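Trainee: I would like to learn how to read aromatic contacts in a model. Please take me through one case.

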Amino acid sequence: MLQQLCERLSRYKPPASPVDAAVLIALTREPIPRVILTQRAGHMNSHAGEVAFPGGKCDAADLSVVATALREAHEEVGLLPRDVKIIGELGVFTSRVGLKVKPIVGLLETLPELTGNPDEIDSIFTVPLDFFLQRPPSYDHKIKFMGMNVAVPSFNYEGYVIWGLTGFMIVELLRRVYDAEIDWRWPNPLKK
């Protein structure tokens, strides 16, 4: 599982696109990698209580989108940039508020002690990557996008609901790396 992840992502070069924000999909270097996720603080102005990858908006001081993802992961969960080996990236996703978000994928030799920034994070947890391959997502959650109600992939894991943009990024990772046949169910507003 890990070898395929590294091989496929190292070869994939998504098209260049403007980026407003970046997230870090941090995975442990284990036969069955675990992915680090956070639950955003309940008092946040946006996405309060939602599950997300560590990440945030690009800063003028960031030298690259990778630097943004690493900086945000350090600020949010205390993950040191030197502990992350970047192995690839996915294409840009557009959030429901119009932000262009780039997922950066990195490996951790070991899972360090992580501490959530209480201003941003209520909890940090990991999910074995094969969990997402073994259980197809449900489409119980909807978001408003371009004036339409869109059903988005969601996964339930030990009391956490992983959905929305984070769910789409997980589905794309599984499709790109493991050829998972998971339905996007994303409408094309240009088709009639």
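Mentor: Start with F132, which is buried at a relative accessible area of 1% (buried means under 20%, exposed over 50%, partly exposed in between; 1.4 Å probe, protein chains only). The model is predicted: local features need pLDDT of at least 70, side-chain atom pairs count only at pLDDT 80 or more, and totals for chains, interfaces and linings use all residues. Residues are numbered from 1 along each chain as its sequence is written, and side-chain values use heavy atoms, leaving out hydrogens and water.

Trainee: How many aromatic pairs does a search of the whole structure find?

Mentor: A pair of aromatic rings is described by the distance of the centres and the angle of the planes. Rings of Phe, Tyr and Trp (its six-membered ring) pair if their centres lie within 6.5 Å; planes under 30 degrees apart count as stacked, over 60 as edge-to-face and the rest as tilted. The search finds 4 such pairs. F131 and F132 are edge-to-face, because their centres are 5.4 Å apart and their planes at 80°.

Trainee: How far apart are the ring centres of F131 and Y157?

Mentor: They are 4.9 Å apart with planes at 75°, so this pair is edge-to-face. F131 is buried at 9% relative accessibility, and Y157 is buried at 13%.

Trainee: Which residues do ring pairs link into a cluster?

Mentor: The cluster consists of F131, F132, F155 and Y157, linked by ring pairs.
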